[in-house]
Amino acid sequence: MSTLRRFSLAPVAHTGLFGVFLGVHAVGDALHVLHTGVGCKGKTQRQLVEHDLGREAHPQVGWTELSEEDLIRDVAARLREAVPELQRRRQAAALLVTASAAVELTSTDLAVETQRLEAELGVPVVWLPGVATAADLYAGYGAVVRALVDRVDWGVDWRAGSKDPPVVSLVGNFFHRYEHEQAANLAELRRLVEGLGARLGPTFLAGESFGALQRAHAARLLVRMPYAGLEADDLATLTSRRVCGLGLPLGLRATGVWVRGVGAALGVAPPRVEALVAAREARVAPRLELARRRLGGRRLAILADTPLAAGWVLLSGELGLELPLVVLLDRTLGGEAALRAQVAAAGGEVSPGTRVVETPTLMELRGLAGGIDDPPPFDLVVRPDLSLADTAWAHVATLETGFPAGHKHFVFPLPELGYNGTVALAQRLLDAAGGVY
Amino acid sequence: MRRQAKLNQVVCTLEGMATLLQRTPGNFAVVIHGDPDCANVLMHGMDHPGAERFFCTQITPDEAIGGRSLSVLRKCLDGLCEELTPEVIFVLGTCLSSLVGDDVESVTQAAAVRHGVRVVDLAGAGMRFVTQAAVVDRFARLMASAGLASQASEAFQVSGAAAPDPRAVNLVGFDPGEEVRDQLARLGVRVNAVLDLGASVAQWQRLAGARWNLVLDEALFAGFLSDCAERGVAPLEVAYPVGASATDAFFATVLEAVCPGVDDDAVLAGPRAAAHQAVALGIEFTRGVRLGFNLGSKKDLNPRTLAREGLAEVSVFEELGFELVLLLQGDDHPERLAAVREILGGLGCEAPLAVFSDTVFFADLCVDQGVGLTYASDHLRELIVPTDVGFLENGALRPGYSGVTQNVRRIVASLAQAGVGS
């Protein structure tokens, strides 16, 4: 193996520190406090500004701007000084504090310091240790989800509120920008839940306020989604709620699995669930068939995080696409084993002819589409906006999705999840394949 | 030398140099010696190429504590030299390497000897603040080593020294656009190299071929200009050619120095008259409107933004009769404000100053100051939306005479959109 592999950057090289920022940005009124040197500011808002046209991220991050002198004398002093001032200015509902690796190396007890700050300020001040050395952004995002779930008073009996319809909360929704595909996804998930006679409660995370998330105790059922940062069993232990762990409802089959999973956990009569699935599928399937006529046999490459890739693998099968390559861009969401398990859970399989590449380096990924002058080995690729501009990837018809996405922006609520999302993605694939937009 | 960092955002050396190196095409590699998160100072994807030339030692806490971080750096440099063929390798330290006291220079020197490849320790990382201006100057000096034979040993190879052309200029830290470049050519001034953000190493290697380095602010490039002057490339401070009067001043300065006595009417008279006419028309809409000119919010390492402490474009609004107020981000300690006033005074700017300590107070300040239009950093736009204040983002103004008409239209449209002066 190349010596350089260890030192090469990942295609999505953001670590947990950025993931925390992304998570905080997904809570309408929270603030991310960076207890770091001056250079770390650029690791947060600047990375999101071209991805999210919907909301300026700047007001949701503050920093202590540690100097070397601070580091030598008293690492916590700047935190004690800066956080109250930041809170005076920003009036956040909750503050989530992270530190750089260098600061954490000093072994200062920042947990105690943040507890003191919480008592002083009267709002939650949450210390998230170790995120700067976490392997990817999803680890940081999951840490935020976990911390926020942990702040809910789950001791309140869900029966204390209205019992009918039952409330379902989603935990681990990957909300990465305030654009309309995110709103559309949430609307799709709500539609699915309501189809089962339940009501969608607070979603971790979907841009809701910290206060709104606190009302999640009203949920009778929690649906653990793939970006939750904790397993279904742990979530159940933490919340004393029934939890069902499901993959992304992306594609016809995966959406059916999702509906059946939630329906079963809610105790909805199976005939009712099946009727719902059948009715929705009957609407969608003919449209997919139209797309299949054009897309069938084309070669698709998928570059995505593991849960998203699993959804795409299933959808590609439904559209008759060949799948020579799947590249998994995350480092903490389970890798190839999880991909195969998630696909299998929806009754599909990763074709033996499909090459699955886990966590390639950026250099390796750049070479996976062959030489820049050669005919591309794929007709279509589903991927985020990575540093591939001057490689053969740039010549493959692209459907941009996931993070980061600098080119694809949504001013129209076009979903990716649920039944409508399935049709919308088929449409986008058709457009990409046809070279028309 | 002006007192810097009083008006502008500061950076760390890692962030500053990495950002500029990422934007510079050329056959070099960059090693970030620190924890994996430090690679996130780079922009990934989203039309920001260049990250593929970056590597990170990805030091773990155990390696840092156990004193093994330098051996990891050594291994990384060995791998780079054996598997790739960069002309030069730059090594950037981080807070972590600074904290554990790594002697990066000794490892880079040894690697250079071992492999016969130039390996340059860009010392200075850690938690020290540096000004954007200092980074810009340092970067220019580094790149100049590609084009100035006297410094070739520091970084790039020089293929051959060109004799400076007395009628040639380098545009350092700004690009006045195709129209101005074309007009310069027609007036007998050859643009030898455009050394703006994103200029390639190949462009920098042309540096010594010109007699003049045109800059918007000599103080911004003090070290670079000194290096160049020793090699026969003289500095020439010019106005940024944006707006009618500044464009007049730009051409007057350049022509007087580079080709004195040349009659510019044949090339410039028509566009110049049209530009001044546009100003005369525009002023009917803009005279007396209060303009909030934002300073101190940008961290883009752009010499154009940093020149004259951010005031390089202020004349556009002055000639349109706006009533100027400077909206300065940062603390309002009396010592800082005194220093800022002194700096501004030195630049001939006596406009009133208002300070906002945090971005979230920007809109309120604009309203309190009675601002009708603000020329500000783009990330402040969203904060302005709920108010009746017009917004024009910093960098939106077009250079050159033909840009004047477009600028006036845009300014008037921004005012109209906000309901000012309609």
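This is a predicted model: local features need pLDDT of at least 70, side-chain atom pairs count only at pLDDT 80 or more; totals for chains, interfaces and linings use all residues.
The interface of chain B and chain A comes first. Here 58 residues of chain B are in contact with 53 residues of chain A. The size of an interface is often given as the accessible area lost when the parts come together. Between chain B and chain A, about 4800 Å² is buried. Carbon and sulfur atoms give 59% of that area. Three residues stand out on the side of chain B. D37(B), M46(B) and M127(B) supply 17% of the area that chain B buries against chain A, more than any other three residues.

R366(A) forms a salt bridge with E52(B), and their closest N and O atoms are 3.9 Å apart.

Several elements of chain B give two or more residues to the side that touches chain A. The strands are β1 (10-11) and β3 (54-56). The helices are α1 (13-22), α2 (61-65), α3 (69-83), α4 (95-99) and α16 (381-384). Of these, α3(B) gives the most, with 6 residues. By class, the residues on this side of chain B divide into 32 nonpolar, 14 polar and 12 charged.

Within chain A, helix α12 (residues 270-295) packs with helix α16 (residues 418-434). The angle is about 5 degrees, and the axes are 9 Å apart. Angles under 35 degrees count as roughly parallel, so α12(A) is roughly parallel to α16(A). From α12(A), the contact includes V277(A), V284(A), L288(A), A291(A) and L295(A). Also on α12(A), R280(A), E281(A), R283(A), R287(A) and R294(A) take part. The residues from α16(A) include Y419(A), N420(A), T422(A), V423(A), L429(A) and L430(A). By class, this contact has 11 nonpolar, 2 polar and 5 charged residues.

Chain A also holds cis peptide bonds. One runs from F204(A) to L205(A), with omega near 10 degrees. L205(A) is found in the loop between β6 (199-204) and α9 (210-214) of chain A. Another cis bond runs from F403(A) to P404(A), with omega near -5 degrees. P404(A) sits in the loop between β13 (397-400) and α16 of chain A.

A further backbone feature is found at E65(A). This residue is not a glycine, yet E65(A) has a positive phi of about 55 degrees. E65(A) is placed in the loop between β2 (61-63) and α3 (68-73) of chain A.

Key: Residues are numbered from 1 along each chain as its sequence is written. Chains are lettered from A and ligands numbered from 1 in the order in which they are written. Side-chain values use heavy atoms; hydrogens and water are left out. Axes are lines fitted to C-alpha atoms, for helices over the stretch in contact, and angles run from 0 to 180 degrees between N-to-C directions. Helices (H or I, at least four residues) and strands (E, at least two) are DSSP runs, numbered from the N terminus. Angles under 35 degrees count as roughly parallel, over 145 as roughly antiparallel, 65 to 115 as roughly perpendicular and the rest as oblique. Contact means heavy atoms within 4.5 Å. Ala, Val, Leu, Ile, Met, Phe, Trp, Tyr, Cys and Pro count as nonpolar, Asp, Glu, Lys and Arg as charged, and the others, Gly among them, as polar. Buried area is the accessible area (1.4 Å probe) that two parts lose on being put together, summed over both. A salt bridge is a side-chain nitrogen of Lys or Arg within 4 Å of a carboxyl oxygen of Asp or Glu.
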